[in-house]
Amino acid sequence: MTRRWTSVARAAGLLRADGTPGATIFAEMSALAASTGAINLGQGFPDVDGPASVAAAAQRAIADGANQYPPGPGILELREAIAEHQAARYGLVVDPGTQVLVTAGATEAIAASVLALAGPDDEVLTLEPFYDAYAAVVAMAGATHTTAPLRATPDGFRVDLAALEQAFTDRTRIVLLNTPHNPTGAVLTHDELVAVARLAQRHDALVVTDEVYEHLTLDGPHGRPPHVPIASLPGMAKRTLTISSAGKTFSFTGWKIGWVAGPEHLVAAVRTVKQFLTYVSGAPFQPAVAFALRDPGVAQWVDDLAASLARRRDLLCEGLVAAGLDVVRPDGTYFVLADARPLGHEDGAELCRALPALAGVVGVPVRAFTTAGSSADEALASWVRFTFVKREDVLERAVEGLARLGR
């Protein structure tokens with residue numbers, strides 16, 4: 001095992017404490033759910049497919065022969081649909097010929113962006129907790145991963161602005177930003193985004209922004225919070241790569257159709273790396289996603305999905321609170337975080353391994369999304385992430401099981 005592989009694997013959580021290979025906590029929890037029959041609220045994928053019209057478009061594409069390699073940047077029809085979407089939704093104007101690249105999901109877009117734009121002398125700054133793939137790809141690039149914490153507040157998880165400013169240095173090459181945020185469900189406010197933009201400009205940093213949940217902000221006491229792409233803020237379009245995907249928006253997570261849009265020279269750099277990763281992917285799914293981005297009926301379906309997710313979020317949150325956990329109500333995504341400390345559980349991972357027997361449910365410890373020893377890691381040691389992107393009847397059964405925790 002080489003030293004480089006060891007550092008990447010450790011960052012990805014693929015090594016045990018003794019340095020031997022082991023499964024990620026996600027694989028471990030999914031296997032635990034399968035072996036015990038527990039309800040898997042750990043892994044965030046829908047248990048109902050997306051719109052039938054979009055699936056039919058993919059079937060037509062297969063029948064029409066879209067089964068060989070598509071063009072390297074993605075089919076023009078999809079790139080044009082992405083550009084139209086960015087302009088119509090956010091006023092962001094990108095050239096589909098040179099400023100949009102189709103990828104194998106958002107994860108590849110993130111990996112190719114970091115590998116293209118950061119190296120051993122650079123720092124890549126993320127919020128913490130962070131989507132687990134971020135740490136791994138930063139390690140692959142040989143860069144240094146730095147973080148600024150999100151703090152649990154009565155208004156949801158919020159950016160610690162003082163810590164954010166302190167985390168920036170003159171070596172900060174990329175701010176890898178995620179909003180709506182996995183795992184906390186935070187939707188960054190305009191003021192928080194302005195703070196990130198100001199610091200990125202001051203330190204001449206690029207922003208790579210992961211917006212896969214852009215359409216899945218959820219209604220709350222003050223209405224449905226808007227998703228604001230940081231590229232839409234003054235001076236930010238020229239230094240921002242915006243990443244999104246079809247998987248979360250349209251509930252076809254297995255299709256793995258993502259994209260990155262931004263300045264031509266940055267997209268060209270990402271494409272240079274991407275062509276040596278998957279090269280191309282998803283030929284028959286690309287025209288189907290182009291259809292989905294343009295179809296008014298599908299747009300209504302997505303709005304209905306967000307409304308349904310808000311109801312399912314409330315169902316799960318109320319069940320977690322009734323079971324005795326402290327909950328921070330999310331404003332978006334598929335996920336809610338709950339603190340088990342009020343029930344006497346100090347270790348979220350230990351609780352997750354016991355949850356199938358205690359409640360017939362599986363979750364994921366939030367420490368899977370933190371750096372060992374950081375302030376966020378310590379603050380979130382007893383927290384667990386649960387997903388609510390499951391059918392209501394499944395969530396109702398999960399809530400019944402969770403109720404046993406408080407007895």
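Leucine 101 has valine 260 as its bridge partner in strand 9. The model is predicted.

Strand 9 (residues 258-261) is covered on both faces. Gly258 and Val260 are buried on one side. Trp259 and Ala261 are buried on the other. Alanine 261 also stands opposite threonine 242. That contact point belongs to the pairing of strand 9 with strand 8, again antiparallel.

Strand 8 has a parallel partner too, strand 7. Here aspartate 210 has isoleucine 243 of strand 8 as its bridge partner.

The pairings compare as follows.

| Strand pair | Direction | Bridges |
|---|---|---|
| strand 8 (residues 240-245) and strand 9 | antiparallel | four bridges |
| strand 7 (residues 206-210) and strand 8 | parallel | four bridges |

These pairs belong to an open sheet of eight strands with mixed pairing, in the order 2-9-8-7-6-3-4-5. Strand 2 and strand 5 (156-159) are the edges, each pairing on one side only. Neighbouring strands are turned by 25° against each other on average, direction ignored.

Two helices meet the sheet. Helix 5 (residues 105-117) lies across strand 2, strand 3 (123-128), strand 6 (172-178), strand 7, strand 8 and strand 9. Helix 5 runs at about 160° to strand 8. Helix 6 (residues 132-141) packs on the sheet and touches strand 3, strand 4 (144-153), strand 6 and strand 7. The direction of helix 6 makes about 165° with that of strand 4.

Note on methods
Residues numbered from 1 in each chain as written. Predicted model: local features only at pLDDT ≥ 70, side-chain atom pairs only at ≥ 80, totals over all residues. Heavy atoms only, no water. Buried < 20%, exposed > 50% of the residue type's maximum accessible area, 1.4 Å probe, protein only. Pairing = 2+ DSSP bridges. Axes fitted to C-alpha atoms, helices over the stretch in contact; angles between N-to-C directions. Contact = heavy atoms within 4.5 Å.
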